[in-house]
Amino acid sequence: ISSSSAEERTINASQMKVSDTDVAIDVVGMHKWYGDFHVLRDIDLKVMRGERIVVAGPSGSGKSTLIRCMNRLEEHQQGQIIVNGTELTADLKRIDEVRREVGMVFQHFNLFPHLTILQNLTLAPIWVRGTPQAEAEATAMHYLERVKIPEQANKFPGQLSGGQQQRVAIARSLCMQPKIMLFDEPTSALDPEMVKEVLEVMISLAEEGMTMICVTHEMGFARQVANRVIFMDQGQIIEQNDPENFFSNPQHERTQLFLSQIL
Ligand code: ADP
Ligand code: MG
């Protein structure tokens with residue numbers, strides 16, 4: 001086989017992926033370095049629409065870096081990341097396109113402290129999307145009701161509990177009507193009694209068919225909601241399975257060790 005025909009086949013294969021509307025995110029042979037540090041190694045991950053994926057693994061294994069690469073908060077150096085058919089490259093227009101469709105919720109809620117809850121929710125729709133203020137506010141109230149805190153609309157983030165602030169952060173993402181939601185340990189900074197109210201919102205999103213990738217240590221949530229659990233260690237995906245088999249029959253020694261420590 002000549003190298004040119006091999007190249008042709010690669011191009012055809014990637015074009016097929018791009019046109020495949022059932023694929024939400026396709027990560028192919030992806031590597032990332034922080035300076036000399038090889039943080040993600042040969043990641044292959046195809047996320048279908050409507051999938052609910054939990055990413056687990058020890059601290060430092062690259063979970064945050066992986067999902068941050070999916071909306072270009074971090075840049076990968078090798079391989080491909082294709083989100084809703086758009087390949088992430090240095091092209092700012094593409095990055096913009098992808099970020100329109102991908103919402104992200106962080107461990108620390110990242111709300112603007114000097115803006116009211118309502119203003120936090122309408123800021124991006126008004127200034128990034130050009131949505132008229134009245135319409136943006138109506139949408140914001142809709143999602144505040146959805147996360148069960150419409151009565152907090154005119155307060156400031158500092159006046160809310162951690163669980164309420166995280167629900168605001170989720171509502172803020174939803175105001176941009178994303179097709180995919182990425183969660184990076186959304187309950188890790190919360191007091192235990194507030195974890196449930198945030199997980200309940202995430203569960204209801206899952207039930208409505210949202211494509212979700214959640215980095216979390218909440219294994220009850222994984223069992224209940226995920227269709228697939230991905231286990232990372234030292235920058236690699238070393239095991240993945242449906243939750244039932246992931247928990248009852250972990251294959252890899254490092255997965256077994258991890259589960260024995262957290263369950
Ligand atoms: P996890 O989310 O699984 O805890 P991270 O993706 O945050 O893992 O980090 C993976 C590894 O990369 C860790 O060793 C971390 O120290 C390192 N790292 C994370 N962010 C940076 C950065 N901005 N610069 C250099 N190293 C980083
Ligand atoms: Mg992390």
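How exposed is Glu 197, judged by its relative accessible area? Glu 197 is partly exposed, because its relative accessible area is 23%, and the scale here runs from buried, under 20%, through partly exposed in between, to exposed, over 50%, with a 1.4 Å probe and protein chains only.

Before I go on, some conventions. This is a predicted model, where local features need pLDDT of at least 70 and side-chain atom pairs count only at pLDDT 80 or more, while totals for chains, interfaces and linings use all residues. Residues are numbered from 1 along each chain as its sequence is written, chains are lettered from A and ligands numbered from 1 in the order in which they are written, and side-chain values use heavy atoms, with hydrogens and water left out.

Back to Glu 197. This residue lies in helix 7, where helices are DSSP runs of H or I with at least four residues, strands are runs of E with at least two, and both are numbered from the N terminus. Leaving out residues up to four places away in sequence, Glu 197 touches Ser 161, Gly 163, Gln 164 and Arg 167; contact means heavy atoms within 4.5 Å. Val 83 is 114 residues from Glu 197 in sequence, and the two C-alpha atoms are 30 Å apart in space.

Now the pairing of helix 6 with helix 7. Their axes come within 8 Å and cross at roughly 20°. Axes are lines fitted to C-alpha atoms, for helices over the stretch in contact, and angles run from 0 to 180 degrees between N-to-C directions. Helix 6 and helix 7 are therefore roughly parallel; the classes are roughly parallel under 35 degrees, roughly antiparallel over 145, roughly perpendicular from 65 to 115, and oblique for the rest. The crossing of helix 6 and helix 7 is right-handed, a term used when the near helix is turned clockwise from the far one by less than a right angle, with left-handed for anticlockwise.

On the helix 6 side, the residues that meet helix 7 are Gly 162, Gly 163, Gln 164, Gln 166, Arg 167, Ile 170 and Leu 174. On the helix 7 side they are Met 194, Glu 197, Val 198, Val 201, Met 202 and Leu 205. By class, this contact of helix 6 with helix 7 has seven nonpolar, four polar and two charged residues. For those classes, Ala, Val, Leu, Ile, Met, Phe, Trp, Tyr, Cys and Pro are nonpolar, Asp, Glu, Lys and Arg are charged, and the others, Gly among them, are polar.

Helix 6 also holds Gln 165. Gln 165 is buried, because its relative accessible area is 16%. Not counting residues up to four places away in sequence, it touches Phe 109, Leu 111, Pro 157 and Leu 160.

Next, helix 4. Its axis and that of helix 6 (residues 162-174) come within 8 Å and cross at roughly 25°. That makes helix 4 roughly parallel to helix 6, and their crossing is right-handed. Ile 117, Asn 120 and Leu 121 of helix 4 make the contact with Val 168, Ala 171 and Arg 172 of helix 6. Four of these residues are nonpolar, one is polar and one is charged.

Helix 4 (residues 117-127) also meets helix 5 (residues 133-146), with axes that come within 9 Å and cross at roughly 125°. These two helices are therefore oblique to each other, and helix 4 passes helix 5 in a right-handed crossing. The contact of helix 4 with helix 5 divides into nine nonpolar residues, two polar and one charged.

What about the nonpolar cores? A nonpolar core is a set of buried Ala, Val, Leu, Ile, Met, Phe, Trp, Tyr and Cys residues joined through side-chain atoms within 4.5 Å. The largest one has 47 residues, and those touching the most other members are Leu 144, Ile 170, Phe 183, Met 202, Met 212 and Phe 221. Helix 7 (residues 192-207) gives this core its largest share, nine residues. A second, separate core has 28 residues, including Ala 24, Ile 67, Val 98 and Ile 213.

Last, two backbone angles. Arg 72 is not a glycine, yet its phi is positive, near 65°. It sits in the loop between helix 2 (63-69) and strand 4 (78-83), and is buried, with a relative accessible area of 12%. Gln 234, also not a glycine, has a positive phi of about 45°. Gln 234 lies in the loop between strand 9 (228-233) and strand 10 (236-241), and is exposed at 55% relative accessible area.
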